[in-house]
Amino acid sequence: MSEPPVLFEACVESVAEAVAAERGGAGRVELCVDLAVDGTTPPAEMIRDARRALTIPVMVLVRPRAGDFHYSAAEVTGMIADIERARANGAAGVVIGALDADGAVDRAVMARFLAAARPMSVTFHRAFDVVPDRAAALETLISLGVDRVLTSGGAPSAEEGVRELRHLVEEAAGRIVILAGGRIRFGNAAAIVQAILDRLAAHR
């Protein structure tokens, strides 16, 4: 079987890395800083410079701090301002996520984020991998109108989460994009996608 086409979204923490990713074949970049703590929101100047330097879409991570994804009212207000700043500086979309005190998708907060983000595209980030019920979380995100969800299938890496990723693709049924993430590189991206497709074919 031939390799499926793969859109590679590179997570980068500088304009130089973003330019290198585009030259290397990335079809989209996720811009952030502090990848050592899984990323936080980049400054407006970096967003603006990346947008000017690239021809591919720039997605902006909106995450005010490391740690959990249950945010205070003040943090939510700041994140909405960051979403609006990303839009004003030419971002194609934002990568966001918020969970409630029980660890489920915070529907009310996400609705506010989506309202602030449009018409940009919206990705729900890997907070998805720590929710207690991924099937319920997926349905919540679909009902909210989120465009895609970034996930490793709840595993340490996408390679280890292939079985769950296949299940999520089936559950999504074209209603939301499942964006595999977690230790994916140019060298293994096509193989991971192919493994998901093979599992889908085997279960039909």
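**Entry: Phe-124.** I began by listing the contacts of Phe-124, leaving aside its neighbours within four places in sequence. In this predicted model, Phe-124 touches Ile-96, Gly-97, Ala-98, Leu-99, Val-105 and Met-110, among others. Further along the chain, its contacts include Leu-141, Val-146, Arg-148, Val-149 and Leu-150.

**Entry: the nonpolar core.** Which residues have the most contacts inside the largest nonpolar core? I found Phe-113 and Phe-124, in a core of 61 residues. Helix 4, residues 107-117, gives the most to this core, with six residues.

**Entry: helix 2.** Next I asked which residues of helix 2 (44-53) are buried. They are Met-46, Ile-47 and Ala-50. These three cover an arc of only 100° around the axis, so they sit on the same side of helix 2. I turned to the other side of helix 2 and found Glu-45 and Arg-52 exposed. The cover over the buried residues of helix 2 includes helix 1 (15-23), strand 2, strand 3 (58-61) and helix 3 (73-88).

**Entry: the largest pocket.** I noted a volume of about 1,300 Å³ for the largest pocket. Its lining has 40 residues, and Leu-150, Ala-180, Gly-181, Gly-182 and Ile-184 lie nearest the centre. Leu-150 is already in my notes as a contact of Phe-124. The elements that give two or more residues to the lining are strand 1 (9-12), strand 2 (28-31), strand 6 (148-151), strand 7 (177-180) and helix 7 (186-202). Which element gives the most to the lining? I wrote down helix 7, with seven residues. Sorted by type, the lining has 27 nonpolar, three polar and ten charged residues.

**Entry: backbone details.** I then looked through the loops.

- Arg-118 and Pro-119 are joined by a cis peptide bond, with omega at about 15°. Pro-119 is in the loop between helix 4 and strand 5 (121-124).
- Asp-38 is not a glycine, yet its phi is positive, at about 70°. I located Asp-38 in the loop between strand 2 and helix 2. Is Asp-38 buried or exposed? Its relative accessible area is 64%, and exposed means over 50%, so Asp-38 is exposed.
- Arg-183, also not a glycine, has a positive phi of about 60°. Arg-183 is in the loop between strand 7 and helix 7, and at 56% relative accessibility it counts as exposed.

Conventions. Residues numbered from 1 in each chain as written. Predicted model: local features only at pLDDT ≥ 70, side-chain atom pairs only at ≥ 80, totals over all residues. Heavy atoms only, no water. 1 Å grid on protein atoms, 1.4 Å probe; cavity = no way out; pocket = protein on both sides within 12 Å on 5 of 7 lines; lining within 4 Å. Points joined across faces, edges and corners; volume = space filled by probe spheres on them. Helix = DSSP H or I, 4+ residues; strand = E, 2+ residues; numbered from the N terminus. Nonpolar A, V, L, I, M, F, W, Y, C, P; charged D, E, K, R; others polar. Core = buried A, V, L, I, M, F, W, Y, C linked by side-chain atoms within 4.5 Å. Buried < 20%, exposed > 50% of the residue type's maximum accessible area, 1.4 Å probe, protein only. Contact = heavy atoms within 4.5 Å. Arc of directions from axis to C-beta.
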